Amino acid sequence: MADHGRTSSYITLDEEWGAHNYHPLPVVISEAEGAWVTDVEGNRYLDFLSGYSALNFGHRHPALVQAARDQMDRLTLTSRAFHNDQFGAFCRELAELTGTETVLTMNTGAEAVESAIKVARKWAYEVKGVEFNAAEIIVATGNFHGRTTTIVSFSDDPAAHDNYGPFTPGFVTVPYGDLEAIRAAITPNTAAILMEPIQGEAGVIVPPSGFFAGVRQLCDENDVLMIDDEIQAGLARTGELFALDHDGVRADLYTLGKALGGGIIPVSAVVGRADVLGVLKPGQHGSTFGGYPMACAVGRAVVGLLATGEFQERSADLGRYLHGRLDELVGRGVASVRGRGLWAGVDIDPLAKTGREVSMALRDRGVLCKETHERTLRIAPPLVITKDEIDHAVDALAGALEA
């Protein structure tokens, strides 16, 4: 074993010079491949979080790394002041994959959500005829859509919300999964309903069966846009391209991010109806890096991986295996398990340990995971994981709970 001083020296450097807006586990990663990472002391760990789904295809997937290298040798940035030879092809391929008509490229997930909010409001005023500055967007309790000032305005998580006001108006919050509450909240000023198909930050909360079919019907009946935030739930994480696909309905707009950049660079997009995204005219919205050649080249490689259906199938098949193994731990330190595909929220028994304690015990057993809301582990391994690796991780979790 190498000198533990190397880990502490890196952590000390982080804490001295970096803002303290995270509380990471005390492990310093320096290399990674597939589902495994290696720290500065040479210890290997199974990644059971995959960058909150940004690493759906694993670390340094060869096709994605090659796409980035090839593009870096040719052209990195033009800004959207000029055309580039990757942008149009990326938009077409992403639209074809998602069954949508138009693509608005951005960088981070929060930017995609902000863009969708702007588009929905603009559409409400210019197309639906809502009175100026009166548009409302219905959102859900327990939501997480990003960290910008507008988005945290409608967060009910004190850590994300408190002391960042004054807040942006125009949002109406209803309980997640409560169709009747949505029905009661809709008014002539309602522009859109913005929700996650499965709530990730809240602890991988799956909505009641039929909920989103009901949301779709309410949107159709009231001329309201349905915006589906697939930034964490989408791109094969749950066994389908979109988590919303499990409900058999289509949204008007989808926000995409995280895995769209392949774990290499930030890439995000809003995809959906051409008539809705068409309210944007030149100069009204943009981003210097949104749709830049590097992003498009990596994004095209991601689309190519998803187009085969291999990763959706892996997530569905291995997800059933993962949930079967996790269910064995209920009553053995685990209170409940929920999720879809290779995504699970594991509630730790309140009489057992905290989520942080379990995360630390997992690290000591060669598995990296992270808690959310004190007593829930959010499990999201790379989709390249194997059954043997799942067994390794779940056995480690069993040992962590018993220790």
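Reader: Okay, which stretches make up domain 1 and domain 2 of the protein chain?

Author: Keep in mind that this is a predicted model. The domain assignment gives 75-308 to domain 2. Domain 1 comes in two pieces, 6-60 + 310-402.

Reader: How many residues of each domain are in contact?

Author: The C-alpha centres of the two domains lie 27 Å apart, but contact is judged on heavy atoms within 4.5 Å. By that rule, 28 residues of domain 1 touch 30 residues of domain 2.

Reader: Which side chains meet in a salt bridge?

Author: The count between the domains is one salt bridge. A salt bridge needs a Lys or Arg nitrogen within 4 Å of an Asp or Glu carboxyl oxygen. Here the N to O distance is 2.8 Å, and the partners are R378 and E201.

Reader: Which element gives the largest share of the side of domain 1 that touches domain 2?

Author: Across the interface there are 19 residue pairs in polar contact. Elements giving two or more residues to the domain 1 side include α2 (50-53), β11 (334-339) and α12 (310-327). The largest share is five residues, and they come from α12.

Methods
Residues numbered from 1 in each chain as written. Predicted model: local features only at pLDDT ≥ 70, side-chain atom pairs only at ≥ 80, totals over all residues. Heavy atoms only, no water. Domains from an automatic or database assignment. Polar contact = N/O pair within 3.5 Å; in protein donor to acceptor, adjacent residues only side chain to side chain. Helix = DSSP H or I, 4+ residues; strand = E, 2+ residues; numbered from the N terminus.
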